Amino acid sequence: MSILIFFILLWEQKVNYKMDLELDTLNDILKGYEEITYINNSPYILKELYLHLYTNAYRDFNTYAFRSFFKDYLISFISIIGKIFYKSAYTEIDSVKIKNKRINFKVDETVLIVSLENDLNPSDSIKINIYFKTKLPSLIRYRSGYSKNHYDFGQFYPVMCVFDEKGWHNRKWHFNAEFYHNFSDYTVKIKVPGNFLVAGVGECISKNDTAREEGYKEVIFRAENVIDYFFSCDPDFLYQDTIIDSTHIIAFYRKKNESYKDSFLIRGVRAYNYLKETFGEYPYKWLKIVDGLIGGGMEYPGLALCGGDSFDLILHEVGHTYFMGILASNQEDEAWLDEGGATFITDYYKYKKEKKLKIFYDNSVPVSYTHLTLP
C-alpha cells in the first residue's frame with residue numbers, strides 16, 4: 001500500500017511548445033513566436049509562471065554570468081578591453097498574451113516572470129503566446145553563437161522553468177551551469193534562406209532540411225518527450241546520412257571541414273551501434289552529428305554538437321542520449337549524474353572495445369571499490 005501511495009504522489013508538469021521562427025541574416029536576429037501549453041499536474045495553485053531567457057546572460061558585462069566569469073577567470077583590465085569589442089546578445093520579449101490579451105511580465109536578467117490574472121489550479125492548463133527576438137553571441141560560443149553565415153541556436157527561446165516538489169527552479173543562469181527542463185513536445189517551423197541546410201532536434205516532417213531551394217524555405221521539425229530544443233543552420237553545410245533500423249543518422253559538416261567527410265558519419269554510426277548494444281534501445285528516430293562553432297561538444301536530444309571529429313567526443317555527446325536524454329536529472333544541482341554517465345560510457349568503450357583501460361577490483365582496504373586506470 002505504501003508503494004502505491006508513493007507512486008500516486010509522483011507528478012511532473014507537462015509542457016508543449018509550438019514555435020514559428022524566422023532568421024534575419026542581414027541583422028543576425030531570430031524573430032520568434034511561441035505558443036506554450038502548460039498543464040499543472042501538481043497539487044499546488046500557481047499564481048505566476050517562470051521561464052528561462054538564457055541568452056540574456058550575454059547581454060552586457062553587468063549580468064550575473066559575466067560578473068561571476070570575470071571574478072573567477074579574468075583580471076579587471078581584460079574586462080575593460082573586452083567591453084570595447086563585445087557585441088551584445090539577448091532574448092528580447094516583445095509581448096506575452098493569454099487568450100489574445102496582453103499579460104504583464106517582468107524580466108530579471110535570465111528569468112521571465114509572467115503574472116497570471118487567474119490562478120492556475122491543479123489539473124488545469126493554460127496557453128501562453130510569446131513574441132520574442134534573439135540575438136546570438138558572436139565572440140563567446142559556449143553553446144550557441146554565430147560566425148558569418150553559420151548559426152548555432154542553443155538555449156535561444158523562452159523555456160519553462162521546472163516546477164517540482166521543491167518549487168520553481170528559476171535561478172539566474174551562469175555560463176558554466178547545466179540546465180533542468182521538463183520533458184516536452186515540440187513542433188518547430190524555421191524560415192531560412194533556401195540555400196541553408198538545417199540540423200534540428202527532431203524529425204524533419206517537411207522533408208527539406210537537407211535540400212537547397214530558391215528564395216526562402218520553411219523547415220518543420222517535430223520532437224516528442226524531449227528535454228530541450230536546438231538547431232544549427234549554414235549554407236555551407238554538407239551532409240552524409242544512412243538509416244539503421246528505423247533511425248535516420250545524419251552527419252552535417254561545414255565545407256571548411258571537409259576532412260570530416262566519412263569520419264563524422266562513420267563514428268556516429270559506431271557510437272549508435274555501441275550504445276544500443278550496451279545500454280538498450282535507442283529512443284529517437286533521428287541521430288544528428290553537427291559540426292558547430294563550440295570548443296568541445298554539447299548534447300541535445302538525438303543531436304550531438306561537436307567542435308571536432310574525434311570518436312571520444314562524438315561518443316560522449318551521443319552517449320548523453322542515455323545519461324541526460326532518457327535518465328534526465330536535475331543537472332543544475334547534480335550535473336555529475338549526467339556527465340558521469342557519459343564519461344563512463346566513453347571509458348567503458350575504451351576498456352571493452354579498445355582494451356585501453358584496465359578495470360580491477362581492490363579488496364585491500366576495508367571498503368572495496370573499483371578503479372579505472374590508464375595502462
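Colleague: Which residue of S8 is the bridge partner of Ile93?

Modeller: Strands are DSSP runs of E with at least two residues, and helices are runs of H or I with at least four, both numbered from the N terminus. Two strands pair if DSSP finds at least two bridges between them. In this predicted model, Ile93 has Phe132 in S8 as its bridge partner. Local features here need pLDDT of at least 70, side-chain atom pairs count only at pLDDT 80 or more, and totals for chains, interfaces and linings use all residues of this predicted model. Residues are numbered from 1 along each chain as its sequence is written, and side-chain values use heavy atoms, with hydrogens and water left out.

Colleague: How many bridges join S4 to S8, and in which direction do the strands run?

Modeller: Strand S4 (residues 90-98) is joined to S8 by seven bridges, and the two run antiparallel. S4 is also joined to strand S5 (residues 101-102), by two bridges and again antiparallel. Lys97 has Arg102 as its bridge partner in S5. A hairpin is formed by S4 and S5, with two residues between them. In that turn, Lys99 has a positive phi of about 55°.

Colleague: Is Asn129 buried or exposed?

Modeller: Buried means under 20% relative accessible area, exposed means over 50%, and partly exposed lies in between (1.4 Å probe, protein chains only). Asn129 belongs to strand S8 (residues 125-135), and it counts as buried because its relative accessible area is 12%.

Colleague: With which side chain does the side chain of Asn129 make a polar contact?

Modeller: A polar contact is a pair of N or O atoms within 3.5 Å; within protein, one must be able to donate a hydrogen and the other to accept it, and residues adjacent in sequence count only if both atoms are side-chain atoms. The partner is the side chain of Tyr33, at 2.7 Å. For contact in general, heavy atoms must lie within 4.5 Å. Residues up to four places away in sequence aside, Asn129 touches Tyr33, Glu34, Glu35, Ser95, Val96 and Lys97.

Colleague: Where does Ile29 lie, and what does Ile29 contact?

Modeller: Ile29 is in strand S2 (residues 29-39). With a relative accessibility of 15%, Ile29 is buried. Beyond neighbours within four places in sequence, its contacts include Tyr90, Lys133 and Thr134. Ile29 and Tyr90 are 61 residues apart in sequence, yet their C-alpha atoms are 9.7 Å apart.

Colleague: How many helices and strands does the protein have?

Modeller: The protein has seven helices and 25 strands. Of its 375 residues, 51% are buried.
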